[in-house]
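Colleague: I am new to this structure and would like a careful look at a single part of it. Could you begin with one loop and then go on to the charged pairs and the rings?

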Amino acid sequence: MKAAFFTLGCKVNQYETQILTQQFAQEGFSVVDAREAADVYVVNSCTVTSTGDKKTRQVLRRFRRANPGAVIALTGCYPQAFPEEASGILEADVVTGSRNRGALLGAIRRFQDTGERVVDILPHERGEAFEPMRAQSFLERTRAFVKIEDGCDRYCSYCIIPYARGPVRSKAPEQIRQELAELAHQGYQEIVLVGINLPSYGRDMGLRLIDAVKAACSVPGVRRLRLGSLEPELLTGEDLAVMASLPQFCPQFHLCLQSGCDRTLRAMNRHYDTAEYRRIAADIRAAFPNPSITTDIIVGFPGETEEDFEASRAFAKEMGFARAHVFSFSPREGTRAARMEGQVSPQVKEARSAAMIAATDGIRRAFLLSQVGRVEEVLFETNRTPYGIEGYTRNYTPVCVDTSREVCGTLRKVRITAALGECCVGELAD
């Protein structure tokens, strides 16, 4: 039988889909592309925004129209956060949540045997364990994403994820070492540690994120290690010093800002202010040579005035981000922010988004220009662009090199000669 998978959302979701594909393959399924005909289609959903829910429903309907005789299964964050709503999507023959993902294949077998629709969504509970999972391969042949943490207890006023993902739980350091050793043996040169709230790693085990970083860097064959998204206030100067001492650690930090206005940060229930964020960014730049700091910024949050927005835009310029992802606030059912007074009109949000993007694009160009003239280690991908073969430096600057030499999947020294558009270009320096 053939099984196809469709994933929406973050790197954690993508990692979990990889685990599912391995499970299905071990049970005799042939895993095919979701655009092909299959006997089973699995949609791993994202529910960060209502748009994600809409996309999930559209995908399910598309699969049902194209494959009326196939088994269609819905899993992931959407049914976990909104079980009644997701259960009512009749295009899905099987519906499970993110908690009991491991039972998905059994639920599909039950539907195949009985023809009766299966809805099996287990609620999260305190003390639940980290789901055992170990990835064996990825579509990317140079970089592997490894989930080491699940759950979040931050309860930002705009975010549904704590309800979809449950309490903080972590993968044991020894399990991290074992998984990374297998991936390094397969030739993956770079590992990215990811989680739902990555800096909360280890809270359930009396450990901290730095313990996972040290465990990962202790694995022979791991040439590079980087981290996924980070809540800024959970990084300490002591941890940064340890990270800087590890030769495998890459100085790229995605510090989620969300707003550069303290009044808006309080309304968001973020756990830091701009002064603390500024200090953390300064600590990073003091600890590492040529680091990059990237971020996410929300505009048009309820109650955001023009003065608040200008404060946020000015702070973003001050921080000199290597890249910023800008989002207009989208009310999420089930969150406090969706019920707040002072909702900003779509027209104002659109204008503020355009202005913030223009500001951060300028910062991005300045960062890329600052890399010109440097000689940096680049891990080359298989992606070819009009400028040559693309790769990434340790601080995740995209660099393209026009060469006939076989460099894909290798680490090479590159002299960066120019910044063009969204990337730098260079020449092999070795």
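Modeller: **A loop, and the contacts beyond**

Cys256 sits in the loop that runs between β11 (252-254) and α10 (262-268), where helices (H or I, at least four residues) and strands (E, at least two) are DSSP runs numbered from the N terminus. This is a predicted model, in which local features need pLDDT of at least 70 and side-chain atom pairs count only at pLDDT 80 or more, while totals for chains, interfaces and linings use all residues. Residues are numbered from 1 along each chain as its sequence is written, and side-chain values use heavy atoms, with hydrogens and water left out.

With 6% relative accessibility, Cys256 counts as buried, a word that means under 20% relative accessible area, with exposed meaning over 50% and partly exposed in between (1.4 Å probe, protein chains only). Although Cys256 and Pro232 are 24 residues apart in sequence, their C-alpha atoms are 6.7 Å apart in space.

The charged pairs come next. Side chains of opposite charge can pair when their charged atoms come close. A salt bridge is taken here as a side-chain nitrogen of Lys or Arg within 4 Å of a carboxyl oxygen of Asp or Glu, and a search of the whole structure finds 37 of them. One of these joins Arg57 to Glu85, with the closest N and O atoms 3.4 Å apart; because Arg57 lies in helix α2 and Glu85 in helix α4 (residues 83-87), the pair ties together parts that are 28 residues apart in sequence. Both partners are partly exposed, Arg57 with a relative accessible area of 26% and Glu85 with 34%.

Another salt bridge is formed by Arg101 and Glu131, whose closest N and O atoms are 3.1 Å apart. This pair links distant parts of the chain, 30 residues apart, since it has Arg101 in the loop between β5 (94-96) and α5 (104-114) and Glu131 in the loop between β6 (118-120) and β7 (143-150). Arg101 is buried, its relative accessible area being 1%.

In a further salt bridge, Asp150 meets Arg169, again described by the closest N and O atoms, which are 3.4 Å apart. Asp150 belongs to strand β7 and Arg169 to strand β8 (residues 169-170), so this pair ties together parts that are 19 residues apart in sequence. Asp150 is buried at 3% relative accessible area, and Arg169 is buried at 4%. Arg101, Glu131, Asp150 and Arg169 are among the residues linked in a network of salt bridges, which also includes Glu16, Arg99 and Lys147.

A pair of aromatic rings is described by the distance of the centres and the angle of the planes. Rings of Phe, Tyr and Trp (its six-membered ring) pair if their centres lie within 6.5 Å, with planes under 30 degrees apart counted as stacked, over 60 as edge-to-face and the rest as tilted. The whole structure holds 14 aromatic pairs. In one of them, the rings of Tyr272 and Tyr277 have centres 6.1 Å apart and planes at 45°, so the pair is tilted. Tyr272 is buried, with a relative accessible area of 6%, and Tyr277 is also buried, at 0% relative accessibility. Together with Phe315 and Phe321, Tyr272 and Tyr277 form one aromatic cluster.
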